Amino acid sequence: MVFQGASFSPQDAYHVHFESNALLTVDHTGLIDRLIRPSDADYTSVRQAAQAADILQILPAHTYLLPGFIDLHVHAPQWPQAGLALDRPLNDWLNTHTFPLEARYADSQFAHRVYQHLIPELLANGTTTALYFGTIHHDANLELARACADYGQRGYIGQVVMDNPDQTPATYRTPSATDAINGTEKFVMAVQALAKQRHAAVTPVITPRFVPSCTPAALAGLGQLAQRYDLPIQSHCSESTWEDQYAQEHFHRRDAEVLDHFGLLTSRSVMAHGTQLSTSDLDLFHQRQTAVAHCPISNAYFGNAVFPVNQALHRDVKVGLGSDLSGGFTPSLYRNLQQAVMASQMRQDGVDAAQVADKRGVKDSRISATTAFYLATKGGATSLHLQAGQLIPSYTADFQIVHDRYATLMPNDAGSIFERLMYHTTPADIKAVYVRGQRVHHLKGDHN
Ligand code: GUN
Ligand code: FE
């Protein structure tokens with residue numbers, strides 16, 4: 001396949017690269033082979049050969065090729081309650097709404113229905129890779145892995161461990177630490193077998209829910225499993241003051257230090273939220289090369305706080321973007337990217353606006369759409385050790401093709417188009433989505 005048209009790709013956290021009419025060639029293994037500019041000697045010959053072979057796809061006017069988005073934090077089972085009960089505090093929301101909903105996934109049929117609905121929805125929003133929390137149930141989690149395979153999404157899938165009887169209801173609890181370890185190991189094997197059998201991009205992830213919901217024995221065992229099988233790890237870290245207090249009271253350490261003590265902060269770890277991370281925690285994340293999944297919509301509800309993106313990036317901490325469905329209400333990373341910019345502005349001091357010292361805010365907090373775009377693409381890819389999130393040779397051909405619906409009315413320089421796409425793209429503007437060079441979504445009724 002050869003794509004011809006305009007594209008935006010992140011260069012780093014503060015720069016985005018625009019190509020006005022390049023050819024992007026994709027090889028048979030689903031990797032980007034070459035990016036050929038009109039000024040390159042073989043542009044015309046490659047283009048003609050592709051046209052002759054009927055593999056040239058010319059992007060229509062006012063449409064753009066972007067890397068697919070990478071959602072670093074999704075609770076797949078919470079999809080049926082997206083947008084509900086978000087006015088409750090975290091602990092209450094978990095116990096009253098979330099745990100009872102997740103308990104229903106003991107029924108694999110229910111899991112099948114939800115996951116077959118969720119995955120296409122995420123693809124329609126431009127999300128080509130997602131890092132998922134499942135539930136405690138083996139069969140339901142395999143339904144999630146199968147749904148990723150069915151629809152061609154790249155999925156990282158975790159079997160949730162929550163075995164602490166003091167913090168979990170009897171109706172929704174991992175029976176014991178031993179069961180947590182054995183059950184996780186069995187799930188790892190099953191997902192790896194599925195990946196092989198279906199040639200699917202699914203990977204198992206070690207998933208202690210968060211420190212309060214796990215016993216020390218489970219945390220320790222999961223740390224060892226992650227090391228033994230060289231697996232990614234995910235959890236929540238310092239999402240709320242309540243969570244931080246819990247770590248202090250029960251372990252006399254900070255939340256991040258507890259996870260680290262059990263071998264759960266590694267270069268393959270992705271920790272959600274982190275709004276309450278201290279500078280020493282951020283230094284620990286840097287040392288361990290652990291990533292943060294920034295979930296700006298959810299953080300407005302449950303963290304009542306803004307994660308300091310710039311401060312983390314300046315300390316060389318890996319950061320990506322997460323929807324945190326259903327702590328966040330939307331499957332769209334566009335909406336999270338918009339909220340990331342808005343929230344950063346609320347953390348910013350008021351000095352340059354009012355020319356007076358405004359002590360409420362913090363300097364250098366503001367981020368732009370460019371940085372938010374980086375988080376949703378390259379930042380997420382780096383966190384998962386994936387060669388994705390950028391339109392460059394040897395990276396995976398995970399794309400979204402988006403339409404600029406206001407093109408005829410508004411400024412048409414590359415910078416304006418880019419910002420407009422970030423702020424206005426909805427599923428109705430996402431024409432097609434590709435994973436590993438295969439089209440996995442296209443807009444119904446659209447023939448481009
Ligand atoms: N902490 C532990 N579990 C959860 C969850 O499901 N959502 C959020 N936002 N925080 C959590
Ligand atoms: Fe979460």
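So, where is the place of glutamine 51? Glutamine 51 sits in helix H1, residues 43-52; helices here are DSSP runs of H or I with at least four residues, strands are runs of E with at least two, and both are numbered from the N terminus. Before going on, some housekeeping: this is a predicted model, where local features need pLDDT of at least 70, side-chain atom pairs count only at pLDDT 80 or more, and totals for chains, interfaces and linings use all residues. Residues are numbered from 1 along each chain as its sequence is written, and chains are lettered from A and ligands numbered from 1 in the order in which they are written.

Back to glutamine 51. It counts as partly exposed because it has 13 C-beta neighbours inside 10 Å; buried takes 20 or more other C-beta atoms within 10 Å of a residue's own, exposed 12 or fewer, and partly exposed is in between, with C-beta atoms placed from the backbone. Valine 2 is 49 residues away from glutamine 51 in sequence, yet their C-alpha atoms are 8.8 Å apart.

Now the overall layout. We have domain 1, made of 2-67 + 389-442, and domain 2, which is 69-383; those bounds come from an automatic or database domain assignment. Taken over C-alpha atoms, the domain centres are 29 Å apart. Where they touch, 23 residues of domain 1 meet 27 of domain 2, a contact being two C-beta atoms, placed from the backbone, within 7 Å. On the domain 1 side, strands S1 (2-12), S2 (15-26), S15 (430-435) and S16 (438-442) plus helix H15 (414-424) each give two or more residues. That side has 12 nonpolar, 7 polar and 4 charged residues; nonpolar is Ala, Val, Leu, Ile, Met, Phe, Trp, Tyr, Cys and Pro, charged is Asp, Glu, Lys and Arg, and the others, Gly among them, are polar.

Next, the ligand. What surrounds ligand 1? Its shell includes His75, Arg209, His236, Glu239 and Asp324, where near means a C-beta atom, placed from the backbone, within 6 Å. By class we get 4 nonpolar, 5 polar and 3 charged residues in that shell. Helices H2 (90-103) and H10 (296-303) supply at least two residues each, and the largest share, 3 residues, is from H2.

H3 (residues 108-124) and H4 (residues 138-151) pack at about 35°, axes 9 Å apart; axes are lines fitted to C-alpha atoms, for helices over the stretch in contact, and angles run from 0 to 180 degrees between N-to-C directions. The contact has 10 nonpolar, 3 polar and 2 charged residues.

Last stop, leucine 321, in strand S13 (residues 318-321). Why does leucine 321 count as buried? Because it has 30 C-beta neighbours inside 10 Å. Beyond its neighbours within four places in sequence, its contacts include Leu72, His294, Leu333 and Gly380. Serine 240, 81 residues from leucine 321 along the chain, is 18 Å away, C-alpha to C-alpha.
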